[in-house]
Amino acid sequence: MEHLIDIQSISKQNIEDIIYLAKSFKEGKQESSVKSKTLALMFCENSTRTRCSFEIAGQKLGMNIINFDDAHSSLSKGESLKDTIENLYFIGVNAVVIRHSLSGIINNVLRLVNYPIKFVNGGDGTHAHPSQALLDYYTMLEKMGTVENKKITIVGDVSHSRVAKSNIALLSKFNADIHLCAPTYLQFENFEAFNVKYHNDIKEAIEGANVVMVLRVQNERHEQEGYPESSEYKRLYEIDTDLLKKYADKNVILMHPGPANRNIEVSSELLDNRVGKTILEQAQNGVYVRMAILNTLLKGGNHAS
Amino acid sequence: MLLKNATVINPAENFEGKSDIRIENGIITEFSPNLKSNSNEETIDLEGKIITAGLVDMHCHLREPGFTAKETIKTGISSAIEGGYTAICPMANTNPAVDNVTTLIYTKNQAEQKIGFYPICAVTKGLYGDKLVNVSELIDNGAIAFSDDGKPIENMHLLREAIKYINSHNKVIISHSEDSSLASGGVINEGKISTRLGLKGIPSITESLAIARELEIVKSINGRYHFAHISAKRSIELIRQAKKEGLNVTAETAPHYFSLTEDDMVDYDAKYKVNPPLRTKEDLEAVIEGLKDGTLDAIATDHAPHTVAEKQKPIQNAPMGISGFETALGLTLTNLVHTGKLSLIAALGKLNYNPAKILGIENQGIIKIGAEANLTIIDLNEEWIVNAQNFKSKCRISPFDGFKLKGKVKMTIINGKIYKIGK
Ligand SMILES: [Zn+2]
């Protein structure tokens with residue numbers, strides 16, 4: 001595994017190895033192989049959770065960490081990402097985690113950068129968020145042992161969700177039964193893009209579901225041309241205790257990549273009760289999964305000149 | 001000068017056969033088999049080669065004035081000659097736009113009469129879509145056609161009046177058919193690839209909807225009209241139907257629409273970014289079908305150069321356009337002729353005679369005694385690898401870089417002057 005850009009470009013074996021390593025880290029059975037290597041966190045879009053998670057993962061691995069805050073960086077002064085990254089390589093950075101609003105930004109930079117710095121996608125536009133999908137998978141395995149033939153329903157702003165896409169890519173590799181539920185205006189434009197089942201009706205979508213993954217629905221979406229108000233969304237799609245109890249599997253797992261929009265896509269009451277605990281476990285597992293990702297990418301002889 | 005032993009393909013007169021051509025003072029003076037060379041006459045043996053009428057590009061962008069880092073009129077012309085073109089029709093979306101006589105004359109002076117240079121002028125002032133240009137004055141100074149290419153004309157009242165008025169001066173409007181509310185912010189074709197990549201899509205109805213609307217106008221006023229860069233299957237169906245109904249419309253496509261699809265764009269590489277966008281395999285097949293049955297009359301390059309730095313930007317921020325002159329003939333021969341989709345004469349007709357006829361360009365697209373010697377010499381079977389680094393165009397980045405093509409321009413002859421290609 002050279003980089004972590006999206007789930008499509010890594011193998012099933014890569015995924016299994018990362019999961020195994022994350023488990024070893026969590027159980028305290030694994031030492032860091034990347035002590036004193038240097039990690040740059042380049043977050044060009046707001047994200048406290050993912051950035052903190054990578055930062056703690058790096059610290060636990062004994063890495064040096066450079067935080068690259070976009071507001072103060074040369075990027076906002078018009079320097080190209082390629083130049084910035086080549087510069088980071090020459091000051092000794094071994095890997096860079098990039099969060100960016102443009103889909104495919106790492107594919108673009110990878111074509112231009114001539115030095116062996118490792119890239120980790122921390123979420124790019126509406127393309128991919130592979131570390132999130134890996135930690136979601138890890139969490140599902142902890143709870144269910146396998147995802148094969150499990151009904152996993154993703155509900156919410158599917159069309160803008162890199163989390164949904166990376167989860168679909170990953171869960172498809174392990175033969176999960178994937179369902180997507182959204183109103184027409186938040187559904188993917190093209191149904192041939194992914195081999196999953198599409199629903200507009202929430203009851204049908206979560207009927208017997210083993211996992212309900214709720215995606216954040218931003219209020220701003222509902223202010224766009226051709227979209228109804230957010231109250232319309234809440235009325236039809238808000239996940240609450242009653243809905244889960246009535247339709248989903250009795251051991252249903254509720255997941256959310258965070259941050260949740262309480263009482264829009266998911267009820268506050270549900271988040272605060274027992275079912276919502278998984279969401280905090282996701283956050284915790286995220287650190288171990290990200291340790292596994294960084295350790296895997298950097299354990300080799302790669303060094304900055 | 002005597003060109004001997006070539007096979008001549010002259011789509012204008014549906015002629016293909018062995019023939020020699022004599023050129024004196026830039027004019028074709030004899031055109032028949034077995035001509036004897038006179039003493040002191042330069043004789044060129046073209047055994048195994050093809051002579052056709054010089055290629056005519058009815059749609060290109062030379063970027064001058066205003067954007068000379070992308071291309072200049074001089075580099076654009078060199079690139080066109082390298083591609084086998086003896087006549088080109090640059091679009092008006094420069095800065096300032098070619099919407100006035102001063103700018104029109106400026107561009108003609110820059111061209112220095114090296115190539116047949118037939119500027120297309122803007123339909124509306126500044127391409128803003130609201131005020132018609134001074135049509136007759138521009139025609140008197142050399143405007144060959146009118147187009148706001150780069151932007152659609154959204155005001156249907158204005159478009160209707162513009163078609164009537166420009167037609168009354170025996171000129172045609174070339175439509176950049178696009179519905180901007182649907183195209184807005186789009187990066188690539190809307191479909192499974194745009195969804196997977198998380199890029200805003202440009203649905204194919206962006207084009208076909210505009211065409212449907214414009215066809216209704218043309219029909220209502222019995223107008224004459226031309227559609228540029230057709231990319232979508234549905235657009236072709238609409239134009240085919242309109243022609244069947246007897247509407248006086250013509251249409252062109254560009255080589256990338258029968259050579260590439262959205263599937264080529266999976267790595268977010270902006271060198272493939274073009275407007276209209278590369279579409280699906282089904283659309284590509286419809287484009288070829290449209291070329292075969294004559295729904296699509298012409299192949300134009302839509303040569304739209306940008307700097308390498310611009311084309312290396314993230315795909316969302318990079319400009320749209322492909323450097324087209326130097327690969328158009330090779331792609332046409334490779335993907336249409338050698339595959340058996342089009343006969344050689346039909347394919348060449350879409351590159352020379354048909355565009356010249358659509359725009360009414362004299363002395364181009366035809367081989368005949370008394371006409372200017374504007375000719376393209378081709379080796380139909382020579383295989384070559386596209387190397388964008390060697391382009392004469394300033395835009396040395398191309399989605400076809402590294403492509404192996406079969407069929408190559410050997411010489412471009414303009415007004416009797418020979419330009420050897422690839423030297
Ligand atoms: Zn156009």
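Q: Is A:Arg111 buried, partly exposed or exposed?
A: A:Arg111 is partly exposed, as its relative accessible area is 32%. Keep in mind that this is a predicted model.

Q: Which side chain does A:Arg111 meet in a salt bridge at 3.6 Å?
A: That one is B:Asp269, with the 3.6 Å taken from N to O. The pair crosses between chains: A:Arg111 sits in helix α4 of chain A, and B:Asp269 in the loop between β17 and α9 of chain B.

Q: And B:Asp269, buried or exposed?
A: B:Asp269 is buried, because its relative accessible area of 12% is under 20%.

Q: What about B:Asp267, which side chain does that one meet?
A: B:Asp267 forms a salt bridge with A:Arg111, at 3.0 Å from N to O. B:Asp267 lies in the loop between β17 and α9 of chain B while A:Arg111 is in helix α4 of chain A, so this pair joins two chains. B:Asp267 is partly exposed, at 38% relative accessible area.

Q: Which residues are linked in that network of salt bridges?
A: The network links A:Arg111, B:Asp267, B:Asp269 and B:Lys271.

Q: New topic: where are B:Lys219 and B:Glu245 in the chain?
A: Their side chains meet in a salt bridge at 2.8 Å, N to O. B:Lys219 is in helix α7 of chain B and B:Glu245 in the loop between α8 and β17, 26 residues apart, so the pair links distant parts of the chain. B:Lys219 is partly exposed at 44%, and B:Glu245 is partly exposed at 43%.

Q: How many salt bridges over all chains?
A: A search of the whole structure gives 32.

Methods: Residues numbered from 1 in each chain as written. Chains lettered and ligands numbered in written order. Predicted model: local features only at pLDDT ≥ 70, side-chain atom pairs only at ≥ 80, totals over all residues. Heavy atoms only, no water. Salt bridge = Lys/Arg side-chain N within 4 Å of Asp/Glu carboxyl O. Helix = DSSP H or I, 4+ residues; strand = E, 2+ residues; numbered from the N terminus. Buried < 20%, exposed > 50% of the residue type's maximum accessible area, 1.4 Å probe, protein only.
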